[in-house]
Amino acid sequence: MEPVNTDVSAGSSEGTNSEGTNAAGHGAGETAEAPTLGMILLAVEELWPESLAEDWDEVGLVAGHPSAQGGRILFAVDPTLEVIEEAIEFGAELLISHHPLLLKGVTSVAATTAKGRAVHRLIESGTGLLTVHTNGDSAVGGVSDVLADALGLQNVVPLSPAANGLPEEGIGRVGDLEEPLTLGDFAARVFGILPAVAGGVRVSGDRDGLVRRVALCGGAGDSLFGEVRASDADVYLTADLRHHPASEAREAAVDDRPYLIDVSHFASEWLWLPAAAEALGNVLSDQGHDVEIRVSTTNSDPWDFILTPGGD
């Protein structure tokens, strides 16, 4: 599948239900107003609290004034220049990205650098930028929850529970398939739900081995092998598996488990965007705000093609 646009409109005074009220519960003659960025920040905090972010992470408002209007919002994985241009073309007052633009400290945002150009383009166009990163990973309904739901997992619990959250919050998830699948069939299911990217899906293990218990982490998860082994998972699905952690995991495997499935970082997290857009739209609608929320169609995976043995 390709990244596709998802439009979520909340609180529109056009179109009413059988009782003469719109999605926000207002009378047909009333007009809902667009929220300010400050109001959106409160809604985002309700869904993805900053307290759930990892200590090393940088989340929250990066550019934009809390008093500015935020009637149009674009969700994306990466705040690349191409995505920023997409947001501007859409007329978005706010870009919500999963990945931070400024994760590491900088001493300049001059337009002579890529990040500087991004900051200048955002400010000059009046487009705010908000980062929802590891707080969006950890929260209920976050990145790994959406991935687990798409794969049909049951009895899902966090792989690494949050230090400052509810029992169901944390990084990664582990759960069970309704019926066992071969590793080959499970990998095919993974391939089928993710956006198409050059790297595809890499698999380590016996293609005919049976899989029932699944551990996963959207994004880079090779720091969680201890938790994966403790979960008794048959397979671990994550992104950005480096050579040494993957090799050591294979050497430490018991009965060849956990098998490993390595996917695109971008693809594993893109699935969250439509769900996040809908969740935010619902909160803002319940608060009586009129917003239009769109999911970016830009594929920000950094790879363009791959050569494989026997391939074209």
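Predicted model: local features only at pLDDT ≥ 70, side-chain atom pairs only at ≥ 80, totals over all residues.

Reader: Okay, core first. Which residues touch the most other members of the largest nonpolar core?

Author: Phe75, Phe186 and Leu280 do, in a core of 52 residues. Helix α10, residues 272-286, supplies the largest share of this core, with seven residues.

Reader: And what does Phe186 touch, apart from residues up to four places away in sequence?

Author: Its list is Leu151, Leu177, Leu181, Val211, Val214, Val235 and Ile261.

Reader: Back to α10. How many residues does it have, and how far does it reach?

Author: α10 has 15 residues and runs 21 Å from first C-alpha to last, close to the 21 Å expected at 1.5 Å a residue.

Reader: Which of its residues are buried?

Author: Trp272, Leu273, Ala276, Ala277, Leu280, Gly281, Val283, Leu284 and Ser285. As a general point, residues three or four places apart in an α-helix point the same way, because there are 3.6 residues a turn.

Reader: What follows the helix?

Author: Gly288 comes after α10, and its phi is positive, near 85°.

Reader: Switching to aromatics. How many pairs are there?

Author: There are four aromatic pairs in the structure. One of them is Trp48 with Trp272, edge-to-face, at 5.4 Å centre to centre and 70° between the planes. That pair links distant parts of the chain, 224 residues apart: Trp48 sits in the loop between α1 (37-47) and β2 (60-63), and Trp272 in helix α10.

Reader: Are those two buried or exposed?

Author: Trp48 and Trp272 are both buried. Ring pairs also join Trp48 and Trp272 with Phe75 in a cluster, and Phe75 is one of the core residues I named for touching the most other members.

Reader: Nice. Why is the pair of Phe225 and Tyr236 called edge-to-face?

Author: Because the planes of Phe225 and Tyr236 are at 75°, with the ring centres 5.5 Å apart, and over 60 degrees is the cut-off for edge-to-face. Phe225 is in helix α7 and Tyr236 in strand β10, eleven residues apart. Phe225 is buried at 8% relative accessible area, and Tyr236 is buried too, at 0%.

Reader: Now charges. How many salt bridges are in the whole structure?

Author: Seven. Among them, Arg213 and Asp176 meet at 3.0 Å, N to O. They link strand β9 (residues 210-220), which holds Arg213, with strand β7 (residues 170-182), which holds Asp176, across 37 residues.

Reader: Why does Asp176 count as buried while Arg213 is partly exposed?

Author: Buried means under 20% relative accessible area, so Asp176 qualifies at 18%. Arg213, at 24%, counts as partly exposed.

Reader: What about Asp262?

Author: Asp262 forms a salt bridge with Arg202, the closest N and O atoms being 2.5 Å apart. Asp262 is in strand β11 (residues 259-263) and Arg202 in strand β8 (residues 202-204), 60 residues apart. Asp262 is also buried, with a relative accessible area of 10%.

Reader: Last one: where is His133, and what is it in contact with, leaving aside neighbours within four places?

Author: His133 lies in the loop between β5 (128-131) and α4 (134-138). It is in contact with Trp56, Asp57, Val59, His98, His99 and Pro100. At 9% relative accessibility, His133 counts as buried.

Key:
Residues numbered from 1 in each chain as written. Heavy atoms only, no water. Core = buried A, V, L, I, M, F, W, Y, C linked by side-chain atoms within 4.5 Å. Buried < 20%, exposed > 50% of the residue type's maximum accessible area, 1.4 Å probe, protein only. Helix = DSSP H or I, 4+ residues; strand = E, 2+ residues; numbered from the N terminus. Contact = heavy atoms within 4.5 Å. Salt bridge = Lys/Arg side-chain N within 4 Å of Asp/Glu carboxyl O. Expected span 1.5 Å × (residues − 1). Phe/Tyr/Trp six-rings, centres within 6.5 Å; stacked < 30°, edge-to-face > 60°.
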